[in-house]
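Colleague: I have a new model open and would like to talk through the terms used for it. Could you take me through them?

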Amino acid sequence: DLHLEVDDGLTLEQAHDMASHIERDLRKDMPDITRVNTHIESRGPGDEEERDVTAEEGGLVEAVRFVTDRLAGRGACHDVSLRRKGGRCVASLHCTFERSLSILEVHELTTRIEEQLKREIPSLTRVLVHAEPDSS
């Protein structure tokens with residue numbers, strides 16, 4: 001699945017054309033991909049710039065790590081970044097999981113992490129978890 005954030009001012013036709021173009025390019029560059037699901041989302045009003053607030057939101061970064069590690073295991077969460085645009089705050093993080101877990105198990109874990117983070121930290125409007133196999 002591919003999440004595509006677009007400006008609010010685009011029409012459905014314009015956003016769909018962008019998504020179709022990206023899907024075609026992905027299938028062209030990676031022929032083994034047989035299907036791409038695109039989810040179009042609002043980026044929010046276009047007049048305000050999105051800013052990286054990771055450095056100034058140390059407490060929030062630690063809260064994200066704490067909640068994630070509680071669910072995924074101590075030290076699993078790393079590379080947390082926070083981006084803010086108006087009232088929206090998006091957290092992006094990397095999380096290591098046991099390498100023998102199935103994709104289904106990892107998807108269930110990352111979904112649970114995303115939901116729990118949004119529940120416990122209401123200022124997060126979106127959470128993206130990048131799953132990685134552990135190094136052991």
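Modeller: Gladly! The axes of helix H2 (residues 58-72) and helix H3 (residues 103-120) come within 10 Å and cross at roughly 140°. Axes here are lines fitted to C-alpha atoms, for helices over the stretch in contact, with angles from 0 to 180 degrees between N-to-C directions. This is a predicted model: local features need pLDDT of at least 70, side-chain atom pairs count only at pLDDT 80 or more, and totals for chains, interfaces and linings use all residues. Residues are numbered from 1 along each chain as its sequence is written, and side-chain values use heavy atoms, with hydrogens and water left out.

Colleague: Why is H2 called oblique to H3?

Modeller: Under 35 degrees counts as roughly parallel, over 145 as roughly antiparallel, 65 to 115 as roughly perpendicular, and the rest as oblique. The axes cross at roughly 140°, so H2 is oblique to H3.

Colleague: What makes up the contact of H2 with H3, by class?

Modeller: Seven nonpolar, two polar and three charged residues.

Colleague: What makes a set of residues a nonpolar core?

Modeller: Its members are buried Ala, Val, Leu, Ile, Met, Phe, Trp, Tyr and Cys residues joined through side-chain atoms within 4.5 Å; buried means under 20% relative accessible area (1.4 Å probe, protein chains only). The largest such core has 22 residues, and Val64 and Leu117 are among those with the most contacts inside it. Its largest share, five residues, comes from E5.

Technical notes: Helix = DSSP H or I, 4+ residues; strand = E, 2+ residues; numbered from the N terminus. Nonpolar A, V, L, I, M, F, W, Y, C, P; charged D, E, K, R; others polar. Buried < 20%, exposed > 50% of the residue type's maximum accessible area, 1.4 Å probe, protein only.
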